[in-house]
Amino acid sequence: MTASPLRLGEIAERFGLALRGDADAVIDGVATLAEAGPGRIGFLANPRYRSQLADARAAAVVLREADADAWSGAALIAADPYVAFARIATLFERIPAAVPGVHASAVVAPGARVDPGASIGPLCVIEDGAVVEAGAVLGPHCVIGPGCTIGAQSRLVARVTLVQDVTLGRRVLIHPGAVLGADGFGLAFDRDHWIKVPQLGGVRIGDDCEIGANTTIDRGALGDTVLAEDVRLDNQIQVAHNVVIGAHTALAGCAAVAGSASIGRYCLIGGGAGILGHLSIADRVTVTAMSLVTHSIREPGEYSSGTPIQPNRDWRRNAARFKHLDELARRVGAVEKESKS
Amino acid sequence: MTASPLRLGEIAERFGLALRGDADAVIDGVATLAEAGPGRIGFLANPRYRSQLADARAAAVVLREADADAWSGAALIAADPYVAFARIATLFERIPAAVPGVHASAVVAPGARVDPGASIGPLCVIEDGAVVEAGAVLGPHCVIGPGCTIGAQSRLVARVTLVQDVTLGRRVLIHPGAVLGADGFGLAFDRDHWIKVPQLGGVRIGDDCEIGANTTIDRGALGDTVLAEDVRLDNQIQVAHNVVIGAHTALAGCAAVAGSASIGRYCLIGGGAGILGHLSIADRVTVTAMSLVTHSIREPGEYSSGTPIQPNRDWRRNAARFKHLDELARRVGAVEKESKS
Amino acid sequence: MTASPLRLGEIAERFGLALRGDADAVIDGVATLAEAGPGRIGFLANPRYRSQLADARAAAVVLREADADAWSGAALIAADPYVAFARIATLFERIPAAVPGVHASAVVAPGARVDPGASIGPLCVIEDGAVVEAGAVLGPHCVIGPGCTIGAQSRLVARVTLVQDVTLGRRVLIHPGAVLGADGFGLAFDRDHWIKVPQLGGVRIGDDCEIGANTTIDRGALGDTVLAEDVRLDNQIQVAHNVVIGAHTALAGCAAVAGSASIGRYCLIGGGAGILGHLSIADRVTVTAMSLVTHSIREPGEYSSGTPIQPNRDWRRNAARFKHLDELARRVGAVEKESKS
């Protein structure tokens with residue numbers, strides 16, 4: 001980390017944290033509690049790890065008031081130490097500087113509109129009818145198709161493709177390999193072969209969304225695929241046509257949402273989880289990793305499917321029994337009847 | 001939608017549909033039945049939604065003869081309204097015009113052969129020994145490696161990579177981020193480390209296939225990986241080396257097929273489903289979402305694995321029991337024996 | 001295959017294999033035992049397929065001493081025929097020649113350091129502070145961000161993106177669409193919305209690793225994401241921030257490893273398998289396809305989860321019973337009690 005060092009007092013002040021210890025201590029980075037040494041701020045978010053404070057060598061620790069007695073060094077007291085730490089860590093991020101203007105190697109169509117305050121990286125392609133607003137940053141190798149708009153202060157890290165009719169809000173962050181606005185998977189079966197159903201809708205991404213590497217979000221068939229504000233998608237996620245995802249919902253890596261499904265606000269969808277098409281999921285629903293949602297979920301809460309991991313030999317025996325579970329249940333019913341008679 | 005408006009009578013005639021109502025009505029787009037307003041054609045494919053006709057405001061509705069009495073407005077009568085609608089919708093697609101020729105920023109090797117009627121977009125790379133046939137369209141950022149052939153009228157939307165020895169038929173459509181012809185995952189274990197097994201085969205894609213965004217299809221180890229005609233792959237699908245997929249089969253998003261598996265014709269593979277290597281699946285097999293196929297399937301029909309989604313508290317109890325299901329079954333057997341004695 | 005033909009004797013000598021038959025036989029390629037004809041070497045790795053030797057027409061067969069009696073033609077005797085075949089096959093690979101130097105269309109920042117013996121393909125972008133060592137080959141469309149190092153003799157086939165602070169060892173092979181060093185999925189929940197946790201770590205990839213098409217490996221949050229030497233990742237794999245994977249471990253397609261999980265040496269992770277965050281997996285653990293690892297695994301061996309594939313009608317009945325498995329087990333307990341009383 002090569003960002004400029006800061007005084008501990010400045011950091012406390014900037015984020016409104018109570019400081020205990022030397023305000024003039026020089027801080028040049030952040031680290032985990034176990035690894036933070038001189039000049040580094042560590043943090044204790046989970047009281048379970050309180051005992052780690054005994055061996056900590058951090059220049060300062062971000063922690064809760066309730067944990068402050070377990071640490072004799074410099075401290076920043078926070079109601080939510082993880083949130084405070086996340087804020088402090090931004091001071092030490094090295095995001096490559098983006099120079100406003102269009103790189104000489106980029107290909108910008110005459111009918112595209114790029115704000116002079118936007119930054120278009122090497123070998124980007126901006127097609128006719130695309131709009132890039134002020135402060136937006138496109139890293140190398142982005143492709144922005146017709147009818148797409150990149151909202152102000154949004155950042156496409158590198159090699160992001162917006163195919164057609166994709167509208168990004170402000171401060172949207174998209175990682176490399178993501179593809180937004182490709183055709184949805186629309187097929188009609190005509191006697192003995194498929195015909196393609198034209199995909200005519202777009203994609204709308206709200207403010208402050210983050211979209212992971214190699215994630216795909218298809219355009220709507222008719223109408224749009226929509227992510228409300230502050231939706232967070234990890235890597236390798238598939239969002240099919242006409243899906244709607246509510247504000248502040250987060251999906252972990254490799255999750256997949258089939259066509260026209262609707263997910264509420266403040267949901268947490270685990271890694272590799274699947275949601276079938278045309279379902280509706282209420283607000284504040286958690287789906288655990290690799291579960292498959294096969295019907296709409298009306299109530300908030302945590303939902304799961306699957307079976308536990310076991311040594312293969314045990315699993316084989318149990319799995320073989322699963323194939324006859326209905327029969328087993330009937331046999332139990334029969335025995336019950338008999339034992340009652 | 002900005003395509004030119006059409007008269008309703010023209011549309012009926014073009015697709016051989018019976019028209020009821022004003023042939024001169026001007027149509028400028030399509031929409032869902034719920035959203036179609038003036039100038040827009042809606043459709044009723046599923047008789048279950050017949051009641052929606054009461055509130056419909058569409059300029060015309062595509063529907064079955066049997067549903068025509070429930071709608072008093074203009075109608076196009078079709079044996080299969082969804083197929084008819086898909087055809088009509090193509091009239092209102094806005095596919096960016098492709099100008100024949102090679103964009104000035106593309107890098108075409110001297111040993112590549114590009115038909116003058118093909119269109120090569122900005123920043124494409126066409127390597128020695130690649131062939132692009134007439135009417136093929138390559139959007140921006142495509143990479144076509146040695147030994148690859150793009151059949152006539154095929155379209156690579158943007159940023160598609162064909163690594164080596166990939167042959168596309170005619171009218172193949174490939175979405176951004178797809179990678180065809182990368183090395184298969186071939187490893188031999190040599191005492192204490194892996195050695196790579198060279199991947200020497202290619203990929204052959206039949207006419208009229210569609211391949212989704214960020215989907216990967218590996219080249220064969222020896223011999224080719226093959227998709228017959230009219231195979232439809234959604235996004236984020238993995239097709240390993242030497243897989244063979246029969247004509248008219250469709251795979252939904254995130255499905256994965258391991259090496260040398262063979263899938264029949266007219267199969268439907270659900271989202272996130274997995275097929276182990278060296279298996280064979282008969283024609284007309286449906287595999288439901290996120291199922292894992294662990295043995296060959298000889299009979300047509302629908303196949304599934306997994307457990308249903310439940311509230312986590314209930315699921316935990318049931319999952320814990322699954323770990324001892326074999327023992328439970330033995331206990332049932334013992335009780336049966338006892339109750340019979 | 002157009003590599004130069006070789007004499008069988010030369011091949012035997014190069015790889016230290018015992019030769020039976022005509023040392024002057026001309027070999028121009030390799031093939032499966034079933035397909036190998038004149039000029040081609042086939043192999044028999046699995047004694048189960050011994051009977052195929054009866055119909056084989058290969059110019060020579062690589063096989064075990066113990067199988068040699070079942071084949072009367074020319075043979076190369078190997079302790080491990082698959083390993084020997086893999087080595088022989090490399091003679092017939094056609095890897096596009098890489099000319100040292102930087103392609104005229106590549107964009108190399110002044111602050112990047114590219115060894116004169118490295119090859120930088122068309123339309124690559126090498127950013128300030130990146131290092132490319134001798135003999136490294138970057139195919140077209142690679143993006144190498146700040147703080148990244150490509151070790152000697154490594155090969156990025158095409159369109160590989162290293163975002164930031166990614167260090168590759170020597171002889172690393174990466175297939176198209178892979179993204180290394182993108183931000184991990186770090187979020188802190190601040191009352192009613194997410195804030196991003198800055199991702200400040202890097203990625204370290206050991207010597208001789210292979211990384212598949214469209215695979216993603218995120219940078220660490222604090223500290224690095226690490227693959228030891230000879231780790232083999234298939235396509236479409238997700239490796240989250242701060243994951244550590246031990247030497248000689250292989251992951252099949254679509255596997256996913258959540259944040260801070262640690263996988264041992266010589267593990268085999270099946271296709272589509274998932275590993276939850278912060279878990280630890282011992283050396284020599286095999287996880288079967290599409291299993292979900294929900295707790296740390298301390299003992300070597302094979303582990304599984306899931307249920308077997310069945311005809312959907314049967315599966316539905318069994319799955320419905322799974323929802324009440326705990327209750328069923330209690331009923332069995334009650335019957336047992338009764339029958340004993």
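Reply: Two residues are in contact here if their C-beta atoms, placed from the backbone, lie within 7 Å. By that rule, 61 residues of chain A are in contact with 60 residues of chain C. This is a predicted model, in which local features need pLDDT of at least 70 and side-chain atom pairs count only at pLDDT 80 or more, while totals for chains, interfaces and linings use all residues. Residues are numbered from 1 along each chain as its sequence is written, and chains are lettered from A and ligands numbered from 1 in the order in which they are written.

On the side of chain A that touches chain C, helix 2 (81-89), strand 40 (310-311), helix 3 (312-322) and helix 4 (325-340) each supply at least two residues; helices (H or I, at least four residues) and strands (E, at least two) are DSSP runs, numbered from the N terminus. Helix 4 of chain A gives the most to this side, with seven residues. Sorted by class, the side has 31 nonpolar, 19 polar and 11 charged residues, where Ala, Val, Leu, Ile, Met, Phe, Trp, Tyr, Cys and Pro count as nonpolar, Asp, Glu, Lys and Arg as charged, and the others, Gly among them, as polar.

Strand 40 of chain A also pairs with strand 39 (residues 301-304) of chain C, in the antiparallel sense and over two bridges; two strands pair if DSSP finds at least two bridges between them. Within this pairing, A:Pro311 stands opposite C:Tyr303.
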